[in-house]
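Me: I have a structure here that I have not looked at before. Can you walk me through it?
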Amino acid sequence: MTIYFLAGEASGDNHGAALMQSLAQLDPDLNFIGRGGPRMAAIAGRNFRNSTDEAGVVGLWEVVHRYGSCLGRLPSARAEISQAHPDAVVLIV
């Protein structure tokens, strides 16, 4: 079973990593793919992109300031999901 995770900032990376660890304890054969931070990437392995440094935003002003950049990343994430055909998708916002 493959699960695609998407987290855009540091707290999402923390929550995503905790969820991934719990799921991996229940089923060690789970495959994690997607985008998130360094903690999630360490658990998932090579099929995971550490993207919080380039995409992470916190607070209203940062979101407004980088809104176009954030939206610009959505098509590539959507394409990754479509191409990978994961069994589940977890979006951490």
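This is a predicted model: local features need pLDDT of at least 70, side-chain atom pairs count only at pLDDT 80 or more; totals for chains, interfaces and linings use all residues.

Me: How many helices and strands does the protein have?
Reply: The secondary structure comes to 5 helices and 4 strands. Along the sequence they follow the pattern β-α-β-α-β-α-α-α-β.

Me: And what share of the residues is buried?
Reply: Of the 93 residues, 32% count as buried. The protein exposes about 5,800 Å², and carbon and sulfur atoms supply 58% of that.

Me: Switching to charges: how many salt bridges are there?
Reply: A search of the whole structure finds 1 salt bridge. E80 forms it with R35, and their closest N and O atoms are 3.0 Å apart.

Me: What does that pair tie together?
Reply: E80 lies in helix α5 (residues 67–84) and R35 in strand β2 (residues 31–36), so the pair ties together parts that are 45 residues apart in sequence.

Me: Is R35 buried or exposed?
Reply: R35 is buried, with a relative accessible area of 4%. E80 counts as partly exposed, at 27% relative accessibility.

Me: What about D13, where is that?
Reply: D13 is in helix α1, which covers residues 10–26. D13 is buried yet has no salt bridge.

Me: Which residues does D13 touch, then?
Reply: Leaving out residues up to four places away in sequence, D13 touches A7, G36, G37, P38, R39 and M40.

Notes. Residues are numbered from 1 along each chain as its sequence is written. Side-chain values use heavy atoms; hydrogens and water are left out. Helices (H or I, at least four residues) and strands (E, at least two) are DSSP runs, numbered from the N terminus. Buried means under 20% relative accessible area, exposed over 50%, partly exposed in between (1.4 Å probe, protein chains only). Lys and Arg count as positive and Asp and Glu as negative; His and the chain ends are not counted. A salt bridge is a side-chain nitrogen of Lys or Arg within 4 Å of a carboxyl oxygen of Asp or Glu. Contact means heavy atoms within 4.5 Å. Accessible areas come from the Shrake-Rupley method with a 1.4 Å probe; for residues, only the protein chains shown count as cover.
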